[in-house]
Each structure stands twice: as C-alpha cells, then as structure tokens.
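Hi,

Here is the structure I promised to pass on. Please open it alongside this note; what I found comes below.

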Amino acid sequence: MIDHLLTIVPPWLVILLVVFGVVNGTVAYLIFMERKVASWVQDRIGPNRVGPWGLLQSVADGIKMFMKEDYRPAGTDKVLFTLAPCLMMTVIVGAMAVIPWGGILQGTRSFNIAGAQTAQQVIPAGAYVVGEPVVTNGVAEVTYRYSFQIADINLGVLYLVAMLSLGVYGIVLGGWSSNNKFSFLGGMRAAAQMISYEVPFGLSLLTIIVMFGTFSLGDIIAAQSHNWMGFLPAWNIFTQPLAFILFLTCIHAEANRSPFDLAECEQELIGGYHTEYSSMRFGLFFLGEYTGMVVTSAVCVALFFGGWHLPGLTDGTDPSNPAVTSSLTLALLRALVYFIKIIGIIFIFMWVRWSLPRFRFDQLMGLAWKGMIPVSLLILLGTTLVIYFLRVGQAARNVTSPAAMEISGTEAGVLLAMNVVLLAVILVGRRLLPAGPPVNRRLAIPGSRFSPAISE
C-alpha cells in the first residue's frame with residue numbers, strides 16, 4: 001500500500017507534511033515544557049489546571065492568542081509591520097528542509113521491458129537508481145534510493161547558515177517598522193548580536209566540515225554512524241568538545257535566548273523589537289523563537305551527537321554507507337531517536353534560561369569578539385593541522401563514501417588531545433594577557449553620603 005502511495009505522491013512531500021505537522025505540534029508543547037522546566041527549577045508545580053496534568057495548557061494559550069485584539073499603532077509601516085513576523089517564521093521553517101531525519105531508504109521495483117516503462121518511471125519521484133536493472137525473463141528489477149528528508153542537497157550546511165542568518169531581517173524590520181524607540185533599539189541590538197555570533201557559529205561548523213570534507217549533513221551523520229572500541233559511539237562531541245560548547249553558546253545567542261536576550265529585555269526595553277505587536281503577529285515571533293530552537297538543536301545533534309545514529313540502528317544494507325536501510329520501520333525509529341536528542345538539547349536551552357543571569361550588552365559583545373572568535377579560530381587551525389598531518393599520503397582518499405569519511409579511533413584520540421592542549425593554552429594565555437579597563441569602577445558623586453569627603 002505504501003509503495004503504491006509513493007508512486008502517486010513523492011516521498012519528499014509526505015515527509016514535508018509529517019515534519020511540518022510534528023514540528024509545529026512540538027513547538028506548541030515546548031511552551032508547556034518551558035513552563036514546567038521553570039517550575040521545576042523554582043520548586044513550583046507549574047501549569048496543571050487545563051486538561052489532565054495540564055496538557056491542554058498550550059491549546060488554551062493558542063486560543064487566547066487568536067482571540068486577542070490585533071492592534072497596530074498609528075505611524076507604523078503597514079506592510080513591513082506585518083511582513084516582519086512572517087519573514088522570521090518563513091526562514092526558520094525553510095531551514096528544516098535539509099535536516100536528515102532517518103538516513104536513506106532503499107527499495108526495489110519491477111517492470112516489463114516489453115512495455116513502454118523505464119526504470120525512472122517506476123521509481124518514486126525524487127528517487128535515484130542504484131546500479132543497473134537486473135533482467136530476468138523479460139522483467140527488470142531496479143534498485144532505487146531516496147533520502148528520508150525533505151531536500152537532500154550537497155551544500156546543506158551552507159543552506160542552513162544562509163537561511164538562519166536571514167532571521168535577523170525579521171527582527172530588524174519588526175523593530176524599525178514599529179515606530180517605537182524601544183523596539184528600534186531592540187532590533188539594533190538583535191542585529192549586532194546575531195551578526196557577531198554568526199562568526200563563531202560558522203567557524204564551529206567549519207571545524208566539522210574540515211574533519212569530514214563535506215557540506216552534506218546526511219554524510220556527516222553517516223560518517224559518525226560507527227563505534228570506537230566496539231561500544232563508544234563515534235560522535236563528534238567526543239572529538240570536538242570545545243567546538244560543541246562554542247556552537248551551543250552561539251545557538252543560544254542566535255535564538256535570542258537568555259542569557260543572550262538583550263534584544264527583548266523587559267527591564268530596559270519593555271519588550272524590545274516586539275513591544276508593539278499583539279495577537280498572532282506577536283504569536284509568529286513567539287513561535288519563530290521556539291521553531292528556531294528546534295532547527296538549531298537539530299543541526300547541533302547532526303554535527304555533534306550523530307543525528308539519528310544509535311548503536312544498533314544500522315542494518316548493513318550498504319557497508320560503504322551506514323545511512324542506507326531497506327526498512328521503513330528502521331527509518332522511522334531513527335527519526336524518533338533524532339527527535340529525542342533534539343528535545344534533550346532544547347531542555348538545555350530551558351535549563352540555562354532559568355539558571356543564568358542576563359549579560360550586560362558590552363559583556364555580550366566582548367564575549368563574542370574577544371573570546372569566542374579567537375578560540376574558534378584556534379580550534380579550526382588545530383583541527384586543520386591534525387587532519388592534514390594524520391592524512392598525509394592519502395590524497396586519493398575516497399571522500400564520496402561516508403564510510404571513507406569516518407574518523408578512526410587514533411584520529412579521535414589526537415583530536416581530543418588537541419582540544420585539551422588548546423584549553424590549557426587558553427587558560428594560561430588568559431592569565432598572561434593584560435587586563436582591560438575596569439568597567440565596574442566606583443565613581444565619586446559630590447554631595448553623596450556614599451562618596452568620600454571632598455576636602456576644600
């Protein structure tokens with residue numbers, strides 16, 4: 001039945017509808033999860049009145065959002081005021097297209113050579129033929145594959161960076177079009193923050209790309225789909241822990257999450273770039289933030305936690321590519337594993353929000369330009385040197401096969417040692433560098449009882 005359905009509906013369209021529905025449903029319940037995590041941190045109960053165990057609280061919040069007055073203040077730019085939240089939500093949803101949820105599915109189809117059909121006509125739309133058809137008694141059997149994702153493009157990492165960087169336009173346009181000085185300041189802060197943290201964000205990505213020699217997220221996950229010493233998953237969290245910490249910090253800043261929520265801090269800017277928004281215009285900003293958390297967490301899992309990989313989730317269909325499976329059930333199970341890992345990263349988002357105080361804006365920018373960018377450059381340089389010297393003489397290395405991209409146990413040990421050495425160098429170097437000007441110095445205020453007496 002499923003095979004017949006795929007001859008009518010392209011697999012990518014089915015995956016698109018499922019992913020869109022699941023992610024949007026997840027976003028609704030992430031708000032419930034946020035409130036529950038907050039109550040857990042603060043030793044409270046949290047929402048527990050609407051529905052069993054409070055599970056319908058998100059439904060009630062959504063109805064309330066729809067029922068609120070859709071107010072637009074006088075003096076706003078009518079077009080941009082509405083376009084800004086739509087743009088932010090659109091680019092975040094568009095970034096989900098290249099997330100590889102379950103590897104590659106392989107199947108077979110048969111057709112009569114005497115008929116007018118060809119191999120390309122009998123396989124699902126978007127699939128590709130593997131090898132030559134096997135002909136027996138005038139019947140050809142063709143093997144095909146398609147990726148268990150919406151769009152499988154070779155430059156998936158570049159596409160993600162490009163789409164996520166467009167999110168700043170929605171925030172800046174929302175702040176500028178509101179005709180409110182607090183909204184405008186929030187938009188400017190968000191632009192400065194997101195552009196600054198995109199640099200270490202990109203350098204952390206580039207570190208993983210240098211290791212595997214590919215821009216494809218699917219190939220990066222497949223290259224992590226093996227074990228070291230027979231039991232330890234070959235995930236990049238064990239070879240690049242410093243790059244993971246930098247990446248995790250950057251996705252917090254990209255999502256404007258606490259302690260990086262300077263663009264919407266209530267104490268200074270009322271609500272920041274969305275101060276003048278209400279009803280579903282505000283709702284789109286709100287949902288865009290949580291959808292952005294899902295997408296960036298998915299990228300983090302793909303780069304550092306093996307994506308869908310879990311020991312035992314490979315079936316040996318193709319020894320040169322662990323991502324290939326002939327079982328739809330296994331592909332769905334992989335997607336479930338991926339989803340659970342994403343929820344784990346999102347829990348860290350929420351845990352951090354209710355644990356750490358907000359930065360001052362100069363500290364926020366100083367952390368990016370004086371701390372994270374130099375460190376990410378050192379990690380990239382160290383990784384490049386390690387990969388180059390370990391693979392000298394392997395110029396003919398086949399980087400088209402995910403199995404050939406795998407990091408060996410020896411390479412993993414050297415990369416981990418490089419991270420330890422870099423951490424020691426960073427800690428020692430920080431001690432040796434001259435201290436900056438004191439920004440929290442005491443100032444004498446004439447006439448104040450807290451200031452020392454001023455002699456005449």
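The largest pocket holds about 1100 Å³ of space. Keep in mind that this is a predicted model.

**Largest pocket**

Its lining counts 26 residues. G366, L367, K370, G371 and R430 lie nearest the centre of this pocket. By class, the lining splits into 16 nonpolar, six polar and four charged residues.

**Second largest pocket**

This pocket has a volume of about 880 Å³. It is lined by 35 residues. I31, M65, F282, F286 and Y290 are the closest to its centre. At least two lining residues come from each of α2 (11–41), α3 (57–67) and α12 (279–304). The largest share is that of α12, with eight residues. Here the lining has 16 nonpolar, eight polar and 11 charged residues.

**Sheet**

There is also an open sheet of four strands. Its order is β2-β3-β1-β6, and the pairing is mixed. Which strands stand at the edges? They are β2 (128–136) and β6 (324–325). Each has a single partner strand, so one side of each lacks a neighbour in the sheet. For β2, the pairing with β3 (residues 139–147) is antiparallel and runs over six bridges. To find this pair on screen, look for V129, which stands opposite Y144 in β3.

Best wishes

Technical notes:
Residues are numbered from 1 along each chain as its sequence is written. This is a predicted model: local features need pLDDT of at least 70, side-chain atom pairs count only at pLDDT 80 or more; totals for chains, interfaces and linings use all residues. Side-chain values use heavy atoms; hydrogens and water are left out. Two strands pair if DSSP finds at least two bridges between them. On a 1 Å grid over the protein atoms alone, a cavity is a set of points where a 1.4 Å probe fits but cannot get out, and a pocket is an open set with protein on both sides within 12 Å along at least five of seven lines; lining residues have an atom within 4 Å of a point. Grid points are joined across faces, edges and corners, and a volume is the space filled by probe spheres set on the points. Ala, Val, Leu, Ile, Met, Phe, Trp, Tyr, Cys and Pro count as nonpolar, Asp, Glu, Lys and Arg as charged, and the others, Gly among them, as polar.
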